[in-house]
Amino acid sequence: MIGFLLRRIAWGALVVWLVATLVFVVYFAVPRDVARLIAGRQASEETLAVVRARLGLDQPILVQYGRFIGRLVHGDLGESFITQESVVSIVARDIPVSASLALGGSVLWLLMGVGAGVVAAARPRSRTDRSITAGALFFYSMPTFLVGQLLLFFLFFQLYRAGFEFFPPGSYVPFTESPLQWARFLILPWFTIALVTGAAYARLTRGAMLDALGEDYIRTARSKGLPEWRVVLLHALRSSLTPVVTQFGIDLGTLMGGAIVTEVVFGLPGLGREVVQAILKQDLPVIIGVTILSSALVVAANLLVDVCQSLLDPRVRAN
Amino acid sequence: MTAAVLVQLRDVVKEFPVQSRAAFGGRSERLQAVAGVSLELRRGETLGLVGESGCGKSTLARCVVRLLDPNAGQVLFDGHDISTASHAELGPYRRRMQMIFQDPYGSLNPRRRVGSIIGDPFEIHGIGPAGERRRKVQDLMALVGLNPEHYNRFPADFSGGQRQRIGIARAIALRPELIVCDEPVSALDVSIQAQILNLLDELQGELGLTYLFISHDLSVVRHVSDRVAVMYLGRIAEVAPSAALYERARHPYTRALLSAVPAFDPDERRAHTSVLLTGDPPSPLDPPRGCRFHPRCPRAQSRCAAEEPQLIPRAGDGPEHTTACHFPLADGETLSTDAARSVTA
Amino acid sequence: MSAVPRIRGRGPWELAFERLRRDRAAIASVITILFALVVALAAPMLAQLTGHSPIEQFTETGLSPTGIPVGPGREFWLGTDGLGRDVLVRIAYGTRISLLVGVLASGLAVLIGAIVGIAAGWHGGAVDTFLSRFMDVVLSLPFLVLALALAALVGPGLGVSIFLIAFFSWASVGRIVRAEARAIREREYVQAARALGAGSARIMFIEILPVVSATVIVYATLLIPSSIAFEATLSFLGLGVPPPTPTWGNMLTDAMAYYKVAWWLLLFPGAALLGITYAFNVLGDSVRDALDPRHDQTIGAAGGGVG
């Protein structure tokens, strides 16, 4: 067990390192004038020279890389080119937003997705099943940003025109300040994420449940006279949850790194929006910092999922 | 007069690594499927190889045609050592020896047309222009009793027996000298079995083939073989000409196997004594010391647990009949002691 | 041989096609896709018909005196956008980009995925370990962030979009194909081919590939809508095909600014995007059912869902 854990942690660290190196190579090793980016197009040669010296850009590439990794290991992600603010503090400011979004959205999508999947699988080929399947496919097909925009249009704007400003976009209130306001600004984003991801989970759950319901042990349970709801919920669902749990871990990890599109559509100041703006402005330290962080979060989530799975199923460990 | 030897196996060993299960505490981490087998196969004969499931006969078969690489020992084909030959070196030998498989549903690629499958040997070895290949394939189909017009059909369109015929056609395409038949009729209905066995017999005569015929079914093997080898847990227990084996089996295991074959003749049945072996078949992961059969053998004595018996002629037999047993059954002796329950059928 | 008619067996492909033909949802989706194809091909004709090119700005007729886009009417059938451009014509041209990127990115992804998967599954050993690890790493990468960063770095464009989408999609195909190839390797017909002396290349191409091709085709079909969605997302964030080329994604970016006063900017491109992805997803599900009616798993394609 310990060996397994160590191997997975080592593998995860390797992946994060690879992502960091990839980002470094892409941004610093590819010949381009980083100094000019910072100093601006009109900068004079002297200014450029000063910038280069300050950032250590005149050093050989390997030295720069070494310093980069060194600082990374110490948790120093540098400063924003634009605002000079420490990347770590930027991230610390943005994480609560992304985390709120991720947690609320994930609870919703689990309830909606798994719930819909179970209901659909309990009555296969019925009208309920077919409409759920079609609905799931409908939301599954849409890119997330479109769902967000449609929700904005129909649930915010139309209501607003009628005089009810229920779910305005564009702002974030920390939970500690006012839970009600916190939720109010997050409801539409939560549903945006939940509808799209929930649709995928509905499909996943439905498929796994149909497989489980076809098994012999379910037939035995039914023939023993157990009420249908027990058969479905207690027996079939339990074994269907494995792929759902696996997927959930991965999705949650990804989301914690910033639901980029949702944050952009709703103007939420989270990691996702931060990184998009940084990319458009070529603010390299922020880009690099957030990228590495989100990669680390996905790796951590995968690791957690693997550990849970191996606790449940010893065969995974031997693999 | 013994014919020329086509295949010689010398102390062939084949092992497989297995996951050691910590909870089990098993000694070995390598499973010896074939634990030192020496056999010879003579030109033109059919050598039957029988044993229970898991005794290693399929593994041995695959070692002969080099689908598996032996861990130790030698495989000689026509005098040449092919045990460690590379893929390139094996090329010319591949044309001379072929294999027929047990599962008529698994041995043909379901997504390929039958004509293409049979034509594989020609394509692989670069024989003949395409037009001529097609004609050859159709000739082969006719030879094995298939309708050549079904050239473009898929395996799913054929019955089990017909699919075996397709496999046979593929195997004889390049006129090999040796064909290893790995339980070729075990998955077929009894009536079809007879047809396929007859086909194999005809082809042997027409094409001068040598067969290594593997089966767990003794009655089938008796019908087709000139000589029979009995395998138990990775080793050969007994080798003899067919008639001698069935009438005068010396090894207790062979006797037990033979007694399990149902007798259809009522007279035979009355005289029939079944020997039931006690104990579970041991696992190949942890084989018994000495003679591998001794834990289940009604005749076992202390020597059997200590010393492994050699495969040599015993009890006055000639060189053709070899047995690996310290206490082989004499002529006319029946197998029964208190340790084994004798049941008169 | 006498002149007897050649009998052709109905192979697995023909049977699958028959099943597909009878699936009404599949027919409907194919019709939708064909309609989109026609629109894409006929976009220049549409421009001529209406007299509006996709990039021409009609500040006189296309914008109200206060500079707000004009709604659907006789002049502009689907209205105009913030710069007075014809929405209908732009949607038509946007169809070209979406279909092109969708099909090419998906095709490239399954091509790479199939090759790598078959090679890893067949060879096993060090090759398999290396390729599997490689796929695991690619799958661990945060795809949207990296795609955006790379697009910004290299400069967004059509080819860049296709390549990036393919790069982040091929590994999930590769993993599935690898698993299948490994299973097929143990089948007896592959053993038979080895016994005949077939080399690795022949076995991979002639024995394994036909069997995995069903899975590959399903994936190819299902990756198209996720590629289209991915491209739309890139465009929406400003890192897809650069303006003034119209894409549904960048039209929807405009919609963000104007949706309160110009609903047509949101709903028409949105409907087009939704319609096409939905049609391809339905088709993909039907293809999967046709190729293996017993199959009832769900396949998750890269780029769909989260974020």
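Colleague: How many residues of domain 1 of chain B are in contact with domain 2 of chain B?

Modeller: This is a predicted model, in which local features need pLDDT of at least 70, side-chain atom pairs count only at pLDDT 80 or more, and totals for chains, interfaces and linings use all residues. Residues are numbered from 1 along each chain as its sequence is written, while chains are lettered from A and ligands numbered from 1 in the order in which they are written. Two residues are in contact if their C-beta atoms, placed from the backbone, lie within 7 Å. Here eight residues of domain 1 of chain B touch six residues of domain 2 of chain B. On the domain 1 side, β2(B) gives the most, with three residues; strands (E, at least two residues) and helices (H or I, at least four) are DSSP runs, numbered from the N terminus.

Colleague: What is the order of the strands in the open sheet of chain B?

Modeller: Strands of a sheet pair through backbone hydrogen bonds, either parallel or antiparallel. Two strands count as paired if DSSP finds at least two bridges between them. In chain B, eight strands follow the order β6-β7-β8-β3-β9-β10-β13-β12, with mixed pairing. At the edges are β6 (97-100) and β12 (312-313) of chain B, each pairing on one side only. Two bridges link β12(B) and β13(B), which run antiparallel; B:Ile312 has B:Thr323 as its bridge partner.
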